[in-house]
Amino acid sequence: MPDATPQDLALLRRCFAAAEAARKAGNHPFAALLADETGAVLIEAGNAFGDTHDATAHAERLVATEASRRFGAERLRRCTLVTSAEPCAMCAGATYWAGIGRVVYGLSEHRLKEEIGPHPENLTLDLPCRTVFAAGQREVAVIGPLLEEEALVAHRGFWALP
């Protein structure tokens, strides 16, 4: 697995702060951004479930959709999706189809599932994004999990079961 760069870690911490902001706004505590090869942030989103009650309004999917609308495949191949938690199967698929070339994430799906259990608003799929990408016909570089303890901060106390 390639090593994370200092730029990757800085962008990941920006996602953790955005996940906290999403939580404070009444949404699930997840965030994602799209950065170009220089580290410039092109798109940023928090989870929008609380705003929309759309169970597919994951931050990664929102970023991938906007990226697909705004940028061509050549540019997206050189971009990185940075996300507070590992993209779920849906979000990994959206990332793949948008043409994004690289993913950096904090909290793994496996660890998220262990931490929150069977919460009805987030029945986590313990399916690594690498498995989804491996089924495709183009490479998506993946770096993570990284800084999992920092990534968990936004989730602490949020997923109390009813």
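Tutor: A crossover is right-handed if, with the strands pointing away from the viewer, the path from the first strand over the helix to the second runs clockwise; helices (H or I, at least four residues) and strands (E, at least two) are DSSP runs, numbered from the N terminus. Here, β3, α5 and β4 make a right-handed β-α-β unit. This is a predicted model, in which local features need pLDDT of at least 70 and side-chain atom pairs count only at pLDDT 80 or more, while totals for chains, interfaces and linings use all residues. Residues are numbered from 1 along each chain as its sequence is written, and side-chain values use heavy atoms, with hydrogens and water left out.

Student: How many bridges join β3 to β4?

Tutor: Two strands pair if DSSP finds at least two bridges between them. β3 and β4 run parallel and are joined by 5 bridges, with T83 having Y105 of β4 as its bridge partner. On β4 there is also a parallel pairing with β5 (residues 141-143), through 3 bridges, where V104 stands opposite I143.

Student: Is β4 buried or exposed?

Tutor: Buried means under 20% relative accessible area, exposed over 50%, and partly exposed in between, with a 1.4 Å probe and protein chains only. In β4, 6 of the 6 residues are buried, so the strand is largely enclosed by the rest of the structure.

Student: Which elements do the buried residues of α5 pack against?

Tutor: Contact means heavy atoms within 4.5 Å. Helix α5 (residues 89-98) has 7 of its 10 residues buried, and these pack against α3 (59-70), α4 (73-77), β3 (80-85), β4 (102-107) and α7 (129-134). After α5 comes G99, whose phi is positive, near 95°.

Student: What does the side chain of H155 lie 3.2 Å from?

Tutor: A polar contact is a pair of N or O atoms within 3.5 Å; within protein, one must be able to donate a hydrogen and the other to accept it, and residues adjacent in sequence count only if both atoms are side-chain atoms. A polar atom of the H155 side chain lies 3.2 Å from the backbone oxygen of P29. H155 is found in the segment after α8 (148-152) and counts as buried because its relative accessibility is 6%. Leaving aside neighbours within four places in sequence, H155 is in contact with R23, P29, F30, L107 and L112.
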